[in-house]
Amino acid sequence: MDLAQMTAVELSAAIREKKVTVREAVEASLDAIAKREESLNCYVTVDREGALQRADEVQKKIDDGTLTGPLAGVPVAVKDNMCTKGMLTTCSSKILGNFVPTFTADAVIRLEEAGAVILGKTNMDEFAMGSTTETSAYGVTRNPWNEGHVPGGSSGGSAAAVAAGECFFALGSDTGGSIRQPASFCGVVGMKPTYGTVSRYGLIAYGSSLDQIGPLCKDVTDCAAILEIIAGHDPKDSTSMKRDDTDFTSALQEDVAGMKIGIPRDYFGEGLDPEVKASVLAAAELLKAKGAVVEEFDLSLVDYAIPAYYTIAAAEASSNLERFDGIKYGYRAEDCEELHKMYKKTRSQGFGAEVKRRIMLGSFVLSSGYYDAYYLKALRVKALIKKAFDDAFSRYDVILGPAAPTTAPELGKSLQDPIQMYLGDIYTISVNLAGLPGITVPCGVDSKGLPIGVQLIGDCFREKKLLRMAYTYEKARGPFGLDKEGR
Amino acid sequence: MANIISDETIEYVGILAKLELSDEEKEQAKKDMGRMLDYIDKLGELDTTGVEPMSHVFPVENVFREDVVTNGDTREELLTNAPGEKDGMFMVPRTFE
C-alpha cells in the first residue's frame with residue numbers, strides 16, 4: 001500500500017481497518033522528511049522521537065475504541081507561530097529562537113484530542129510577514145514542484161510539506177492570504193474560515209483583527225474534516241464565535257445546480273498572468289457545466305484593499321510585537337547596562353528587516369497627528385469594502401477568482417521591492433478585511449510546470465457553500481498532485 | 001515621492017517602535033516609509049464622509065467571566081524561558097540611578 005498517495009481521511013480509515021499502523025504512517029512522513037527536507041527546508045523543528053512515541057499512544061487509543069474520528073493517527077505539521085507546550089516555537093524569528101511555550105494553542109489541542117500526531121513545526125515568513133517564506137530567520141523553503149521557486153507565504157513551510165508528502169496535512173494561519181496563496185503555489189487545498197471560527201488562543205498575533213487559523217491539505221474532504229475538528233468556541237479568545245453549524249463534512253456533496261457564482265471583472269484585469277486567467281476561467285466553466293449559474297460583475301474598491309490592509313495590519317503588528325522586549329522570553333541583547341537600551345538593542349538585533357519595516361510603519365500611522373489620516377481612514381475604507389462584499393453576496397452564493405496574479409515566483413526575486421510583493425496579495429487580502437471565508441483548490445499547471453489555484457470566496461459563516469462547490473469542482477477536475485503529474 | 005520623511009520623524013518613530021536603527025537602516029526606512037505612505041495616500045481618493053471606522057467585522061461585546069482563578073501556579077515553568085532570572089523573579093538591567 002502506498003501511504004504517500006493517501007489523504008488524511010483515507011489514512012485514518014486504513015488505520016482503523018488495521019491495514020496500517022499509526023507508527024507506519026508516522027514513519028512514512030519521517031522517511032519523506034529524510035529524503036527531501038535537506039533541500040526543501042519545510043520545517044524549523046522536526047520532533048522525530050516525540051512523534052514516534054505519540055504514535056504508539058494513539059494506536060492504543062484507536063485499538064481500545066477511545067479514538068474513532070477521521071484524523072486519529074494522522075501525522076500533521078503545525079506552522080511555527082502556534083504555541084506547542086514543550087516544543088520550540090520560533091515564528092521563524094531570531095527573537096524567539098529559544099522560546100519553548102508552557103501551553104498549547106487551542107486549535108492544536110483539538111487536533112491532539114482527535115488523535116493527530118504532531119511531526120513538528122513548519123517554516124514561515126518571520127511573524128507571518130511576507131508572501132514567499134523568504135523572510136524566515138531559518139532559511140528559505142523551496143517549492144517541491146520546482147526547487148528554484150518559492151512555496152509562497154507566509155505558511156510556505158506548511159504548504160510545501162503537504163505537497164512533498166512530509167506530512168498528511170498541516171495547519172497554517174491567514175492574515176492576508178497566508179494559507180490560500182501558498183496552497184495555490186504548492187498545488188494543495190487551503191482554507192481560511194470566517195473570522196472567529198477557529199480560536200486564536202496560542203496563535204502568536206500579527207494582525208489580531210485579521211488572523212485566522214486554517215487547514216492546508218490534499219483535498220476538499222480533508223479540508224472539511226480538519227475544519228470540523230479545529231473549529232469551535234473558546235472562552236480564551238474573546239473574538240471566538242459561538243456557531244452551531246460546524247458539521248462541515250455534511251457539505252461534501254456533488255451538487256452545485258442553481259448555485260450562483262459571481263466573477264469579479266476587477267480580478268481579471270491588468271497584472272493577471274494569462275495562463276492563470278485561462279485556468280481559473282476554465283474552472284468556472286466546469287462548474288457551469290455542473291449546473292452553476294456564472295455571471296460577471298463589478299466588485300469595486302479592489303485597488304484600495306492593499307493600502308487599507310497594510311495600514312491596519314502594520315498598526316496591529318506594531319502593537320502586538322511590543323511584547324518582544326527581552327524580559328519574559330526569547331532573545332536578549334548582551335551587555336546592556338540600562339533597561340531602555342536593552343529593549344531597543346534586543347528588538348533591533350532580534351527582528352528581521354521586513355518585521356522592522358512594518359513595526360515602523362505601524363508606529364507611524366498610530367502616532368499622534370497621523371492616527372486619523374491613516375489608521376481611521378483605513379478602518380473607514382474597510383467598512384466600504386465590507387459593504388461591497390455584502391452587496392455581492394446579496395446576489396451570489398460564491399465569488400470565484402484567482403488566488404494570486406501569477407504562479408510561484410523564482411527564489412530571490414521578491415524581497416527587493418516590498419510594494420510589488422504586497423501587490424501579489426490583491427485577490428486574497430480583502431477577504432481578511434471583510435472577515436470572510438475563502439478556499440483555494442488546484443485548477444491547473446502552467447507552462448513552467450507550476451500549480452495554479454482557483455479561489456472561492458463565501459459570505460461570513462457560509463463555509464458549507466464553499467466546501468460543496470469546491471468538492472463538486474474537485475470531483476469534476478479529477479486527480480491532481482505532485483505525484484499525479486508524472487514527476 | 002510626495003511624502004518626504006525627515007530625520008526627526010524617523011528618530012521619533014524609532015522611539016515609539018523601540019528600535020535602534022543604524023544610519024544605513026534609517027536612510028532605507030525613510031525611503032520605504034515614504035513610498036509606502038505615497039501608496040497608502042490612495043485611500044484619500046475615497047470619500048468616507050459619514051462612514052464609521054470598522055475595527056471589527058462583527059458586532060463585538062465585552063466578554064465577561066467570574067473573577068475566579070482558573071490557572072495554577074506556573075511561575076517555575078514560565079521563568080525557564082526568561083533571559084534573566086533571580087529569586088523567582090524576572091531580572092532586568094538597571095532602570096534608574
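## About the model

This is a predicted model, in which local features need pLDDT of at least 70 and side-chain atom pairs count only at pLDDT 80 or more, while totals for chains, interfaces and linings use all residues. Residues are numbered from 1 along each chain as its sequence is written, and chains are lettered from A and ligands numbered from 1 in the order in which they are written.

## Chain A as a whole

The secondary structure of chain A comes to 15 helices and 11 strands, where helices (H or I, at least four residues) and strands (E, at least two) are DSSP runs, numbered from the N terminus. Along its principal axes, the C-alpha trace of this chain spans about 65 × 55 × 45 Å. A compact globule of 487 residues would have a radius of gyration near 23 Å, and the 21 Å of chain A agrees with this; the radius is taken over C-alpha atoms, and the globule rule is 2.2 Å times the number of residues to the power 0.38.

Of the 487 residues of chain A, 62% count as buried. A residue is buried if 20 or more other C-beta atoms lie within 10 Å of its own, exposed if 12 or fewer, and partly exposed in between, with the C-beta atoms placed from the backbone. Two residues are in contact if their C-beta atoms, also placed from the backbone, lie within 7 Å. Among contacts in chain A between residues at least 6 apart in sequence, 76% join residues at least 24 apart.

## Helix H2 of chain A

Helix H2 of chain A covers residues 22-40, and at 1.5 Å a residue its 19 residues should span 27 Å, which agrees with the 25 Å between its end C-alpha atoms; the expected span is 1.5 Å times one less than the number of residues. H2(A) also bends by about 40 degrees at A:Ala34, the bend being the angle between axes fitted to the seven residues ending at a given residue and the seven starting there.

The buried residues of H2(A) include A:Val22, A:Ala25, A:Leu30 and A:Leu40. Among the elements that cover the buried residues of this helix are helix H1 (8-16), strand S1 (43-46), helix H3 (48-63) and helix H5 (156-163) of chain A.

## The nonpolar core

In soluble globular proteins, nonpolar side chains tend to be buried together. A nonpolar core is here a set of buried Ala, Val, Leu, Ile, Met, Phe, Trp, Tyr and Cys residues joined through C-beta atoms within 7 Å. The largest such core has 169 residues, of which A:Val76, A:Val117 and A:Phe169 touch the most other members, and H9(A) gives the most to this core, with 12 residues. Leaving aside its neighbours within four places in sequence, A:Phe169 is in contact with residues including A:Ala8, A:Val76, A:Val162 and A:Ile226.

A:Ala317 lies in helix H9 (residues 302-320) of chain A, and this residue is buried, with 25 other C-beta atoms within 10 Å. A:Ala317 and A:Met129 are 188 residues apart in sequence, yet their C-alpha atoms are 9.5 Å apart in space.

## Backbone exceptions

Most residues other than glycine have a negative phi, and most peptide bonds are trans. The phi of A:Cys91, however, is positive, near 55 degrees; A:Cys91 is found in the loop between S2 and helix H4 (106-113) of chain A, and counts as buried with 30 C-beta neighbours inside 10 Å.

In chain B, B:Lys18 has a positive phi of about 50 degrees although it is not a glycine, and B:Lys18 lies in the loop between H1 and H2 of that chain. The peptide bond from A:Gly153 to A:Ser154 is cis, with omega near 10 degrees, and A:Ser154 belongs to the loop between S3 and H5 of chain A.

## Where the chains meet

In this model, 41 residues of chain B are in contact with 53 residues of chain A. Helix H1 (7-17), helix H2 (23-40) and helix H3 (75-79) of chain B each supply at least two residues of the side of chain B that touches chain A, and H2(B) gives the most to that side, with 7 residues.

By class, this side of chain B has 25 nonpolar, 7 polar and 9 charged residues. Here Ala, Val, Leu, Ile, Met, Phe, Trp, Tyr, Cys and Pro count as nonpolar, Asp, Glu, Lys and Arg as charged, and the others, Gly among them, as polar.
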